[in-house]
Amino acid sequence: MNLCDYNTLKKILSKHGFTFSKALGQNFLVNPEVCPAMAESLNADDKTGVIEIGPGVGVLTRELCLRAGRVVAIELDKRLIPILGETLDEFDNVEVLNDDVMKLNLHQLIEEKFSSCNSVKICANLPYYITSPIIMMLLESRLPIDEIVVMVQKEAGERLCAEVGTREAGAVTAAVNYYADSEILFDVGRESFMPSPKVDSVVIRLAIRKENKYKVSNEKRLFTVVKCAFSQRRKTAANSISNTMGVSKDRIFEVFDSLGIDRNIRAEKLTMNDFISIAEEL
């Protein structure tokens, strides 16, 4: 079954009376080269378990089933469940769950579904509107996973994989850097989807660290400082932190001076160690 063929895909969707939902950010991959490349990048074998988020009609799911020992696909849209039942019918190593990944107990799911696997990975073509919340949930949950390979909007991917302390960096950059080593694997043009979005995409890999790279006494405080620093990007980091954390500007200046940090620096120029030092001092 060639789900990258327009006519085949339209026939299946029409058969089930399916129409695309803008609210769910649905754009199905039709480029025959992208999904195999994504699946191959996982280096999966018969002892690998893969969680796929948002399988759509199963284009990527089929490629994952060919390479991994077990695949669990989590699909929010119940209209796609019967379609996936048809497109994945030939595989016996996949299970489709009609659920919201943001509400699932993924620790329990991994324990129950992948007990026979040596490693668990996450792969997804993420809807643009919920990219950051999903990635942050996956990282902050400290799941027993090796890596996350996802397709995201190009601008978001560049921010997620940027170096902390550069112009492209944002609050999510620092969070990703804290938990994982990130890299952009390859670009995906907008013409690779049906319907075509207005922007291009990239596939990124987040390799989860088994041990903490940074020494932090209070993670919650660190990420509060990071979020507050970036909350008003046009202002200096000191002003932004002071305004949103409710800490006096004099106290912030005192901390910056003690650390040798320029009072007028903007958040995107602060390194990960700068953020950690500020949080520890506060």
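Modeller: Helices (H or I, at least four residues) and strands (E, at least two) are DSSP runs, numbered from the N terminus. This is a predicted model, where local features need pLDDT of at least 70 and side-chain atom pairs count only at pLDDT 80 or more, while totals for chains, interfaces and linings use all residues. Residues are numbered from 1 along each chain as its sequence is written, and side-chain values use heavy atoms, with hydrogens and water left out.

Colleague: OK, what does N105 do at the start of helix 5?

Modeller: One of its side-chain oxygens comes to within 3.2 Å of the backbone nitrogen of H107.

Colleague: And which residues of helix 5 are buried?

Modeller: In helix 5 (residues 106-113), those are L106, L109 and I110. Buried means under 20% relative accessible area, exposed over 50% and partly exposed in between, using a 1.4 Å probe and protein chains only.

Colleague: Where do they sit around the axis?

Modeller: They span an arc of only 95 degrees, so they are on the same side of helix 5. The arc is that of the directions from the helix axis to the C-beta atoms. E111 and E112, on the other side, are exposed.

Colleague: New topic: where is I252?

Modeller: In helix 11 (residues 249-259). I252 counts as buried because its relative accessibility is 1%.

Colleague: What does I252 touch?

Modeller: Leaving out residues up to four places away in sequence, I252 touches A238, I241, S242, V247 and L282. Contact means heavy atoms within 4.5 Å.

Technical notes: Polar contact = N/O pair within 3.5 Å; in protein donor to acceptor, adjacent residues only side chain to side chain.
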